[in-house]
Amino acid sequence: MTDTSVPGSSDSDVAGPDDPTPPTNLGFGVDVGGSGIKGGIVDLDTGELVGERFKVLTPQPATPEAVARGVAEVVAHFDWTGPVGVTLPGVVTDGIMRTAANIDKAWIGTDVYDLFSGYLGGRQVSVLNDADAAGMAEDAYGAGKGVAGVVMLLTFGTGIGSAILINGTLVPNTELGHLQVGKKEAEHQASSRVREEKGWSYEKWTEKVSEVLETYEALFWPNLFIAGGGISRKSDKWIPLLTNKTPVVPATLLNTAGIVGAAMAVAQGLKT
């Protein structure tokens, strides 16, 4: 069985003789972002990290080979020898990277399974979009736990990331931030970055967000929206101002969601 201790962790992070039996249903996820590559061991029964996560800076330029070396460094830090799930900021279909956000455009057309398997000693790998991974984690362990039907995660940041799950099953690569709402793409009028650039109040911004959510409602009839991204930490300031019909709740897993979702994906044998 894989050792659950984490090199560099304090004694409080590692199960001792008087502690409860350490978890055995473990997975490993790595979340690749524009500024950092972070990963950790995940208890797949609870969706919690075992010990601390470990992070390295995303190399610049963030080419496929440079990022893959960073992923391998994160995995090696934990002496993890099992399967690895990896998130990427872009669309992955048939194992090929189709878009690239906040990483080098050299990713487009890359066979991500060949790439990561090569840098990780040929082990089993799952690779998926970062918003999809976060949506899987929130649906299973976070704000969407126990909610039947259609659950949509929307991450409000520099753009709008999206994930749709139907009774726990992921519909991958939805990219709803690019959907035309009125005269503009949704993320060009309702992302957190737009609010900051325009200096909008929460009242003004939520008018735009409500319009976007109402469009998604008309198309997908979701049972729940989960709001993610950094601005979700201030959800009490803006979620009550929304006027759409579907309930909106803040994400709860925050910075661990991508890691957890990646670990879930490889444990399920998911390949996009």
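Me: Which residues of H1 are buried?
Reply: Pro64, Ala66, Val67, Ala68, Gly70, Val71, Ala72, Val74 and Val75 are the buried residues of H1. Keep in mind that this is a predicted model.

Me: What covers them?
Reply: The cover over the buried residues of H1 includes strands E1, E2 (36–43), E4 (54–57) and E5, along with helix H2 (112–119).

Me: How many residues does H1 have, and what does it span?
Reply: H1 has 14 residues. From first C-alpha to last it reaches 20 Å, close to the 20 Å expected at 1.5 Å a residue.

Me: And what is the phi of Asp79, after the helix?
Reply: Asp79, which follows H1, has a positive phi, near 55°.

Me: OK, cores. How many residues are in the largest nonpolar one?
Reply: The largest nonpolar core has 32 residues. Those with the most contacts inside it are Phe28, Val30, Val71, Trp107, Val112, Phe116 and Val127.

Me: Which elements supply at least two residues each?
Reply: E1, E2, H1, E5, H2 and strand E8 (125–129) do. H1 gives the largest share of this core, 6 residues.

Me: What does Val127 touch?
Reply: Leaving aside residues up to four places away in sequence, Val127 touches Val86, Leu88, Val92, Val112, Tyr113, Phe116 and Thr272.

Me: What about a second core?
Reply: A second, separate core has 25 residues, including Met152, Ala190, Tyr202 and Val248.

Me: Switching to rings. How many aromatic pairs are there?
Reply: Searching the whole structure gives 6 aromatic pairs. One of them is Phe28 with Phe78, an edge-to-face pair at 5.3 Å centre to centre and 75° between the planes.

Me: Where do those two sit in the chain?
Reply: Phe28 is in strand E1 (residues 26–32), and Phe78 is in the loop between helix H1 (64–77) and strand E5 (84–88). The two are 50 residues apart, so the pair links distant parts of the chain.

Me: Why does Phe28 count as buried?
Reply: Because its relative accessibility is 0%, and the cut-off for buried is under 20%. Phe78 is buried as well, with a relative accessible area of 1%.

Me: Which residues are in the ring cluster?
Reply: Phe28, Phe78 and Trp80 are linked into a cluster by ring pairs.

Me: Last one: which charges lie over rings?
Reply: Among them is Arg195, whose charged end sits over the ring of Tyr202, 4.0 Å from its centre. Another is Lys204, which lies over the face of Trp200 at 5.8 Å from the ring centre. Tyr202 is also one of the residues in the second core.

Terms used:
Residues are numbered from 1 along each chain as its sequence is written. This is a predicted model: local features need pLDDT of at least 70, side-chain atom pairs count only at pLDDT 80 or more; totals for chains, interfaces and linings use all residues. Side-chain values use heavy atoms; hydrogens and water are left out. Rings of Phe, Tyr and Trp (its six-membered ring) pair if their centres lie within 6.5 Å; planes under 30 degrees apart count as stacked, over 60 as edge-to-face and the rest as tilted. Helices (H or I, at least four residues) and strands (E, at least two) are DSSP runs, numbered from the N terminus. Buried means under 20% relative accessible area, exposed over 50%, partly exposed in between (1.4 Å probe, protein chains only). A charge sits over a ring if NZ of Lys or CZ of Arg is within 6 Å of the ring centre and within 35 degrees of the ring normal. The expected span of a helix is 1.5 Å times one less than its number of residues. Contact means heavy atoms within 4.5 Å. A nonpolar core is a set of buried Ala, Val, Leu, Ile, Met, Phe, Trp, Tyr and Cys residues joined through side-chain atoms within 4.5 Å.
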